[in-house]
Amino acid sequence: MRAYSRPSVFIRGISRPRPPPPGERTEVKGPAHIDCSIPRDNPVHAVKMATVTVKEPSMHRIGIDFGGTKIEGIVLDAQGREQTRKRIPTEQAQGYESIVTRIGALCQELAAQVGGPHTIGVGIPGAISLKTGCVKGSNTVCTIGRPLQQDLERAIGKPIGIMNDANCFAMAEAILGAGRGKQLVFGVIMGTGCGGGIVFDGKVLNGLQSIAGEWGHMSINPAGPLCYCKSRGCVETYISGGGLQQRYAEQVGTQLTFMDIVARYRAGDPATAAFMQQFFEHFGRAVANLIAVLDPDIIVLGGGVSNFDELYTSGVAEVAKRIFSDSLETPIVKHQIGDSAGVIGAALIGV
Ligand SMILES: [Zn+2]
């Protein structure tokens, strides 16, 4: 049996400025642009990961972002500019084989438009188990336990890169978005759940069990709410959009959407203000823990909750209170690429 390619990618062809020395950390701003000049000296880092090298820096990159409701495809040219984008429904009810067929057909359609050499990368909910080569931990349940990578490669007729969608988000923001120019980027998703990805020197750090960056399932309260992962008090149960709504309903007694909770908070409702203070504290605890382990050069927040501006003031203040250092230097910033980060990141991890 062919050993499936481990879903970690070293993107050749992307020159990255070295990070500024300590004390001179600066935010990189400006329009996203991918520099695909050929690197001559890719360093080999002592990071536990496999690397896959993009063969031709001039290649187009096809990215597929696959979720429970939609499959989105994109073509980037060699400079990282979007050429084509297409979105189709996942039709999850039609089953696994139908999803494989639909993704395969979309890839072939985009490849026909490219008309030349290209890479293909696919971002998926969940991850590929290193033990079985099959999907695990996906909210698109019909893919769980199935050899999605092998089946897609068979359908498409060429090898593909495949990776967790939070890793794709982190990759896109690290290479083209808010983390440009930073060596160690932690990309955080605060959406329905809480995911995350670590990019070091343009490579996704996948980890021994493909769970590097899964900060959503760090427990911050062993007596806290039961998580679907069977642990208690996971970060996700407190500060994801879904967890936040659930905790609000339990504590304040009203079932509201996240946006409605934010509106009440901004209107000065005392019960909501008290609840949100707890939310900021949970965020502060979770992020301070993360910094204590990884000390990244930047943390980029994505997902619906990341659009809550007070997270960057009141939330970051709670991080600063708990940091294991004399001051919080870590920039904690909003995403720049936003909703497209998943599909662009998928294109960047292609092989
Ligand atoms: Zn959990």
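In which sense do strand β8 and strand β11 pair, and over how many bridges? Let's look at this predicted model and find out.

## The β8 and β11 pair

Find β8 at residues 184-190 and β11 at residues 298-302. These two strands run in the parallel sense, and five bridges link them.

Now zoom out a bit. Both strands belong to an open sheet of five strands, and reading across it you get the order β10-β9-β8-β11-β12. The pairing in this sheet is mixed. At the edges you'll find β10 (203-205) and β12 (332-334), each with pairing on one side only.

Next, hop over to helix α5 (residues 241-252) and helix α7 (residues 270-294). Their axes come within 11 Å and cross at roughly 135 degrees. Angles from 65 to 115 degrees would count as roughly perpendicular and those over 145 as roughly antiparallel, so α5 is oblique to α7. As for handedness, the crossing of α5 and α7 is right-handed.

So who's doing the touching? On the α5 side, the contact is made by L244, Y248, Q251 and V252. On the α7 side, A271, T272, F275 and F279 take part. Sort the contact of α5 with α7 by class and you get six nonpolar residues, two polar ones and no charged ones.

Terms used. Residues are numbered from 1 along each chain as its sequence is written. This is a predicted model: local features need pLDDT of at least 70, side-chain atom pairs count only at pLDDT 80 or more; totals for chains, interfaces and linings use all residues. Two strands pair if DSSP finds at least two bridges between them. Helices (H or I, at least four residues) and strands (E, at least two) are DSSP runs, numbered from the N terminus. Axes are lines fitted to C-alpha atoms, for helices over the stretch in contact, and angles run from 0 to 180 degrees between N-to-C directions. Angles under 35 degrees count as roughly parallel, over 145 as roughly antiparallel, 65 to 115 as roughly perpendicular and the rest as oblique. A crossing is left-handed if the near helix is turned anticlockwise from the far one by less than a right angle, and right-handed if clockwise. Two residues are in contact if their C-beta atoms, placed from the backbone, lie within 7 Å. Ala, Val, Leu, Ile, Met, Phe, Trp, Tyr, Cys and Pro count as nonpolar, Asp, Glu, Lys and Arg as charged, and the others, Gly among them, as polar.
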